[in-house]
Amino acid sequence: MSAGELESSSAGEQAKLIRQRYREAAETVRKGKMCALFINDLDAGATQYTVNNQMVNATLMNIADSPTNVKLPGQYSRQDNPRVPVVVTGNDFSTLYAPLIRDGRMDNALRARVYDDEVRRWVAEVGVENVGRKLVNSADAPPAFEPPKVTLSKLEYGVTLVEEQENVKRVQLADKYLRDAALGDANEER
C-alpha cells in the first residue's frame, strides 16, 4: 500500500482497505506462501488529524492487538486468520500517533526484544535462504524458542526502550519549538 491509498473523501474507506489487504495477505499465507503487508510512507498518509486518519490509526492498533482476528465490516463470526507481518516505511515516525511507534507496554517490549535476538540467532543458524522452506509447508515442526533467561544484559534493553521513547518526545518538542520560534512574535494574536 502507499500513503496515497490512505487518502479518501469517503469515511472509513482507508481503514476498510487496510483490513481488506491484511485479509488478502492472510489468505495467501493460508495457501502456504509467505506474505507480508507493506505500507509505504505511512508518516505521509497518517499524520493529518482527520476522522479517517484516526480510523487508520485505530485499525493498525487493532491489528497489532489482535492479528489473528481481523474482520471486514459486516463480519461478526469469529474466524481466525493467519498472522501477517505488517511492515511500514516512512521518513519521520515521530509524527505518527504515539502508540503506533512504541513496542507496547514495557514488559511486552522487553520480551519482544529478547525474542528478536532468539529469532535472529535461528535465522543465522538455518540461513536466510532457507527460512521459507523451514516455515511454509515444511514437514519439520515450526521452530520453538525456550523462554529466554533474564540476565542483566537483557534488562539493559529497558534502558534502550526508554531512550528511544525519549528521543521521539525530544524530536516532537524540537519540531514544535522550531515551528513556534520560526515566526517569532508573528505567532502571537494581536
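**Briefing: fold, core and salt bridges**

Along the sequence, the elements of the protein come in the order α-β-α-α-β-α-α-α. That makes 6 helices and 2 strands. The model is a predicted one. Of its 190 residues, 26% count as buried.

**Overall surface and contacts**

- The protein exposes about 12,900 Å², and carbon and sulfur atoms supply 53% of that area.
- Among contacts between residues at least 6 apart in sequence, 71% join residues at least 24 apart.

**Nonpolar core**

- The largest nonpolar core has 16 residues, and within it Met1, Leu6, Ile18 and Ile39 touch the most other members.
- Helix H1 (13-30), strand S1 (37-39) and helix H3 (51-65) each supply at least two residues of this core.
- H1 gives the largest share, with 5 residues.
- In soluble globular proteins, nonpolar side chains tend to be buried together.
- Beyond its neighbours within four places in sequence, Ile39 is in contact with Met1, Leu6, Leu60, Val86, Val87, Val88 and Thr89.

**Nonpolar surface patch**

- Val86, Val88 and Phe93 form a nonpolar patch on the surface, and together they have about 190 Å² of accessible area.
- Val86 belongs to strand S2 (residues 86-88).
- Val86 is partly exposed, at a relative accessible area of 34%, and is also among the contacts of Ile39.

**Loop residues**

- Asp41 sits in the loop between S1 and helix H2 (42-45).
- Although Asp41 is not a glycine, its phi is positive, at about 55 degrees.
- The relative accessible area of Asp41 is 35%, so this residue is partly exposed.
- Asn81 is in the loop between H3 and S2.
- Asn81 counts as buried because its relative accessibility is 3%, where the cut-off for buried is under 20%.
- The side chain of Asn81 reaches the backbone nitrogen of Val70 at 3.0 Å.
- Not counting residues up to four places away in sequence, Asn81 touches Tyr22, Arg23, Ala26, Arg30, Pro67, Thr68, Asn69 and Val70.

**Salt bridges**

- The whole structure contains 6 salt bridges.
- In one of them, Arg30 pairs with Glu27, and their closest N and O atoms are 3.1 Å apart.
- Arg30 and Glu27 are 3 residues apart in helix H1, so about one helical turn separates them.
- Both partners count as partly exposed, Arg30 at 41% relative accessibility and Glu27 at 31%.
- Arg30 is also one of the residues that Asn81 touches.
- Glu118, Arg121 and Glu125 are linked in a network of salt bridges.
- Arg121 and Glu118 lie 3 residues apart in helix H4 (residues 106-126), so they are separated by about one helical turn.
- Arg121 and Glu125 lie 4 residues apart in H4, and about one helical turn separates them as well.
- Arg121 is partly exposed, with a relative accessible area of 41%.
- Glu118 is buried, with a relative accessible area of 19%, whereas Glu125 is exposed, with 57%.

**Helix H5**

- Lys134 is placed in helix H5 (residues 131-135).
- At 32% relative accessibility, Lys134 counts as partly exposed.
- Leaving aside neighbours within four places in sequence, Lys134 is in contact with Trp122, Val126 and Asp140.

Terms used:
Residues numbered from 1 in each chain as written. Predicted model: local features only at pLDDT ≥ 70, side-chain atom pairs only at ≥ 80, totals over all residues. Heavy atoms only, no water. Buried < 20%, exposed > 50% of the residue type's maximum accessible area, 1.4 Å probe, protein only. Contact = heavy atoms within 4.5 Å. Areas by Shrake-Rupley, 256 points an atom, 1.4 Å probe, with all protein chains shown as cover. Patch = residues over 30% accessible without salt bridge, like charges linked within 9 Å, V, L, I, M, F, W, Y side chains within 5 Å. Salt bridge = Lys/Arg side-chain N within 4 Å of Asp/Glu carboxyl O. Core = buried A, V, L, I, M, F, W, Y, C linked by side-chain atoms within 4.5 Å. Polar contact = N/O pair within 3.5 Å; in protein donor to acceptor, adjacent residues only side chain to side chain.
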